[in-house]
Amino acid sequence: WRTTGRSLDVFKEIGGVPITIPKGSNSSQYLLDGHQRITTLLSALSSRKAEAPVELSETGISAGDAFYDLRAKAFVIRSKRNAADSNLLPLSILFSSLELLKFQRQIASTQIFHDDIIEEIDRLADVFRNYKIPLIPLVTNDLEAATTAFQRINSSGTDLSFTHMVVALTYTESYDLAEVLTDAESKLRVVNWEGLDQKFILATVRALAGIEIARPNVVQTSEKVRKNPELVVQAVDAICKAAEFLRVECNIPSPEFLPYSFQAVLLAYGFSQSRQITRDVSEGLRKWLWLTTYTGQFRGAREADIDRAKEDVLAIFRGDFLPLERLQCEERLETASRFDF
């Protein structure tokens, strides 16, 4: 994404290799998609020393461990400690003519040396140096256009991508949402709710901000957080109150036992609007939780369903229990054939 006048939070290193971030320039280029591929390529091909080993997979591949086996004619992964074989060409020297020349001179005295080997090294270096990597530049200062493109590209992983994008778009030198969400985990840990997915913290933020809860909009959410960073703190405090209620009144000790995560979001919203609740209200909320659970109200919930549930919760917090009567009348409770919860 090529843009001007935007300063977003970025990774300070890729594949363990420190990245120099330009300062003082009015224009920037951000990689919206391809971080894993860039990490792999940079770890394998960069001659710059990594500050620390970077695990790229469960097999323990780290920066500088990629080689080409001249004898087997295959790419291999070897730890630097076990890479003393003269037939192993480090991929990290392919872009350095001087280092390649040194390597060719070193193998000249070995048993594997012959002219074909030298030609193969040169051919391998040419392939990597001349390979064209396709890039699609998105040139715009429109945040919505950039984030829409990002969401479409990352359609298979929108949950994490959404949170990361909001973090990036709200970042300033004085505010880092990533740090705020890390602090939130400490607060939630006190009530045994540190396992709550961060996307539901942002869903609670949207509830407090009065925007769509079930269909998250990156730009809209980011703007609300930028204008009022306290929304995140208020959302976490409200979730803590909801968590305490769920533990004491419903025997639900942690997010893993919650039938539907939106139940916690809506309860948190209700607690953010009410300071004290009566025993009757508490009992009404407990009934609401189990009625919406057994009737599957949040299974594939649309925004209209969430809006209605939000109004129901607010009514119960006010002492109006008509929503419970409606749920009991209009929803048919049947003997459960499955026990997913």
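I began with F298. Setting aside neighbours within four places in sequence, I found F298 in contact with Y260, F262, Q263, L266, W288, T292, I306 and A309. I note here that the model is predicted.

Next I looked up the nonpolar cores. The largest one holds 68 residues. F298 is among the members that touch the most other members, along with W193, I201, L246 and W288. Helix α9, residues 230-250, gives the most to this core: 12 residues. I also found a second, separate core of 16 residues. L70, F103, I107 and I117 are included in that second core.

Then I turned to helix α10. The helix runs over residues 261-273 and has 13 residues. I read 19 Å from its first C-alpha to its last, close to the 18 Å expected at 1.5 Å a residue. Of those 13 residues, 10 are buried, so α10 is largely enclosed by the rest of the structure. I listed the buried ones: F262, Q263, A264, V265, L266, L267, A268, Y269, G270 and F271. What do the buried residues of α10 pack against? They pack against α7, α9, α11 (279-294) and α12 (303-317).

Last, I checked T204. I placed T204 in helix α7, residues 198-209. Is T204 buried or exposed? Its relative accessibility is 0%, so T204 counts as buried; the cut-off for buried is under 20%. Not counting residues up to four places away in sequence, T204 touches A235, I239, V265 and A268. Two of these contacts, V265 and A268, are on my list of buried α10 residues.

Note on methods:
Residues numbered from 1 in each chain as written. Predicted model: local features only at pLDDT ≥ 70, side-chain atom pairs only at ≥ 80, totals over all residues. Heavy atoms only, no water. Helix = DSSP H or I, 4+ residues; strand = E, 2+ residues; numbered from the N terminus. Buried < 20%, exposed > 50% of the residue type's maximum accessible area, 1.4 Å probe, protein only. Contact = heavy atoms within 4.5 Å. Core = buried A, V, L, I, M, F, W, Y, C linked by side-chain atoms within 4.5 Å. Expected span 1.5 Å × (residues − 1).
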